[in-house]
Amino acid sequence: TLELGIAEESDIPTIVGLACRKADLLLCPTDNMLASAMDVVASIALHNQKPLFACHNQAVSQGALAARGVDYKKCGQRAGEIAYTLLSKETQTAELPIEQAETNTVYINQNTLELLGLGIPETLQSHVILVNERTT
């Protein structure tokens with residue numbers, strides 16, 4: 001495991017290039033600076049033939065190979081259900097369990113997948129949504 005930090009946006013090309021030289025794949029955490037530069041990060045990773053995995057789903061439409069992040073639509077639906085039970089007095093706030101967002105969906109950029117010469121494992125195929133975005 002190699003962990004690299006980025007202090008400012010101008011560091012991104014250098015740090016991502018270094019990561020590509022030292023690692024077999026890249027994992028990009030949910031970070032506003034990296035999210036705003038995801039097209040650059042994805043382009044560098046692809047140029048170096050390194051798979052880029054992200055922790056936010058929209059990164060896939062920006063060129064990342066794959067992501068399995070929070071599904072905000074499902075979270076919003078669940079929040080609405082919880083609000084309804086509270087407002088209808090079916091449940092008291094103190095009775096609500098702590099819940100964690102769950103998702104089994106993996107978003108994969110089909111173009112990046114093909115450019116890297118990779119495939120989708122059979123065990124994962126039922127959970128995949130392919131995104132057909134152009135990569136740089």
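These are my notebook entries on a few features that I looked up in this structure, which is a predicted model.

**Entry 1: salt bridges**

I began with a search of the whole structure for salt bridges, and that search gave two. In one of them R78 pairs with E81, and the closest N and O atoms are 3.0 Å apart. I then asked where these two residues sit relative to each other, and I found that R78 and E81 both belong to helix α4 (residues 72-87), where they are three residues apart and therefore separated by about one helical turn.

In the other salt bridge R78 pairs with E99, with 2.7 Å between the closest N and O atoms. This pair links distant parts of the chain, since R78 lies in helix α4 while E99 lies in the loop between α4 and β4 (106-109), and the two residues are 21 residues apart. Through shared partners, the salt bridges join R78, E81 and E99 into one network.

R78 has a relative accessible area of 34%, so I noted R78 as partly exposed. E81 is partly exposed at 44%, and E99 also counts as partly exposed, at 41% relative accessibility.

**Entry 2: helices α1 and α3**

Next I turned to helix α1 (residues 12-22) and helix α3 (residues 38-47), whose axes come within 9 Å and cross at roughly 30°. I recorded the crossing of α1 past α3 as right-handed. Which residues make the contact? From α1 I listed I12, P13, V16, G17 and C20, and from α3 I listed V40, V41, I44 and A45. When I sorted the residues of this contact by type, eight were nonpolar, one was polar and none was charged.

**Entry 3: the buried residues of α3**

I stayed with α3 and asked which of its residues are buried, and I wrote down M38, V41, A42, I44, A45 and L46.

**Entry 4: H56**

I then looked for H56, which I found in the loop between β2 (52-54) and β3 (66-67). Is H56 buried or exposed? With a relative accessibility of 16%, H56 counts as buried, because the cut-off for that word is under 20%.

Leaving out residues up to four places away in sequence, I found that H56 touches T30, A35, M38, Q62 and A67. One of these, M38, is among the buried residues of α3 that I had listed in the previous entry. I also checked H56 against D11, and from C-alpha to C-alpha these two residues are 21 Å apart in space, while in sequence they are 45 residues apart.

**Entry 5: T112**

T112 has a relative accessible area of 3% and is buried. I asked which backbone atom lies by its side chain, and I found that the backbone oxygen of G63 is 3.1 Å from a polar atom of the side chain of T112.

Notes: Residues numbered from 1 in each chain as written. Predicted model: local features only at pLDDT ≥ 70, side-chain atom pairs only at ≥ 80, totals over all residues. Heavy atoms only, no water. Salt bridge = Lys/Arg side-chain N within 4 Å of Asp/Glu carboxyl O. Helix = DSSP H or I, 4+ residues; strand = E, 2+ residues; numbered from the N terminus. Buried < 20%, exposed > 50% of the residue type's maximum accessible area, 1.4 Å probe, protein only. Polar contact = N/O pair within 3.5 Å; in protein donor to acceptor, adjacent residues only side chain to side chain. Axes fitted to C-alpha atoms, helices over the stretch in contact; angles between N-to-C directions. Left-handed = near helix turned anticlockwise from the far one by under 90°. Contact = heavy atoms within 4.5 Å. Nonpolar A, V, L, I, M, F, W, Y, C, P; charged D, E, K, R; others polar.
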